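Colleague: I'm new to this one and would like to learn how to read it. Could you walk me through it, piece by piece?

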Amino acid sequence: MLRNTPTLLTSKLILGVDPGTNVMGYSIIEVNGSKVKVLEYDALSFKNAPNHAVKLKRIFDNTILLIQKYLPDEMAIEAQFYSNNVQSMLKLGRAQGVAIAAALSRDIPYVEYAPKRIKQSITGNGNASKEQVALMLGQILKLPTDSPKLFDATDALAVAMCHHYQKGINTQAGTKSWKSFITDNPGRVK
């Protein structure tokens with residue numbers, strides 16, 4: 001599979017995901033230098049699925065379809081947050097894991113971002129409301145204000161933008177090799 005890679009082209013495609021078992025937000029942005037173009041952002045509903053297992057399969061299948069359609073270079077996904085409802089946390093974790101598995105099955109690297117970090121990167125306030133995040137994204141990306149989008153869609157767009165603002169640096173521990181560290185930091189090696 002030929003992918004859009006930063007070494008071949010100057011642009012990069014980022015898939016942003018706001019996982020959920022009832023509704024999954026997603027976004028695709030194209031980054032070209034400092035310019036960002038929103039290719040698509042929306043939300044998929046799985047509320048009519050007969051059971052949890054079917055919802056997970058639909059999350060996996062739809063993530064694969066998005067990957068096949070856009071061939072993203074990277075995926076950014078919102079990490080779980082602490083909740084008093086253990087069942088909700090487990091279901092959300094499964095949804096997140098299935099979306100990650102779909103990306104990994106197509107060799108798409110991923111990065112998780114905490115909800116507070118996402119909100120901080122978009123609004124400057126880690127405790128911002130979903131409305132504030134959506135409003136700020138509309139201003140930053142010059143999105144039409146009349147198009148009704150679910151907050152799951154704008155949350156996914158915020159995840160992708162947060163990843164862009166982090167310059168796509170994979171913050172997962174152990175993902176870089178010593179060879180790449182030496183190449184990136186020649187002055188630090190003696």
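Modeller: Helices are DSSP runs of at least four residues, numbered from the N terminus. Keep in mind that this is a predicted model. With that, take Gln96, which is found in helix α2.

Colleague: Is Gln96 buried or exposed?

Modeller: Buried means under 20% relative accessible area. Gln96 has 7%, so it counts as buried.

Colleague: And which residues is Gln96 in contact with?

Modeller: Leaving aside neighbours within four places in sequence, Gln96 is in contact with Pro19, Ile77, Glu78, Ala79, Gln80 and Glu112.

Colleague: How do I look for pockets?

Modeller: Rolling a probe the size of a water molecule over the atoms shows where empty space is left. Here the largest pocket has a volume of about 460 Å³. Its lining has 20 residues, and Asp18, Pro19, Glu78, Phe81 and Leu92 lie nearest the centre.

Colleague: How do the residues of that lining divide?

Modeller: Into nine nonpolar, four polar and seven charged. Helices α2, α3, α4 and α5 each supply at least two of the lining residues.

Colleague: What about the largest nonpolar core?

Modeller: A nonpolar core joins buried residues such as Leu and Ile through side-chain atoms within 4.5 Å. The largest one here has 21 residues, and Ile29, Leu137 and Leu157 have the most contacts inside it. Its largest share, seven residues, comes from α5.

Colleague: Which residues does Leu157 touch?

Modeller: Not counting residues up to four places away in sequence, Leu157 touches Ser27, Ile29, Val38, Tyr41, Leu137, Leu141 and Leu143. Apart from this core lies another, of 20 residues, including Leu15 and Tyr70.

Notes
Residues numbered from 1 in each chain as written. Predicted model: local features only at pLDDT ≥ 70, side-chain atom pairs only at ≥ 80, totals over all residues. Heavy atoms only, no water. Buried < 20%, exposed > 50% of the residue type's maximum accessible area, 1.4 Å probe, protein only. Contact = heavy atoms within 4.5 Å. 1 Å grid on protein atoms, 1.4 Å probe; cavity = no way out; pocket = protein on both sides within 12 Å on 5 of 7 lines; lining within 4 Å. Points joined across faces, edges and corners; volume = space filled by probe spheres on them. Nonpolar A, V, L, I, M, F, W, Y, C, P; charged D, E, K, R; others polar.
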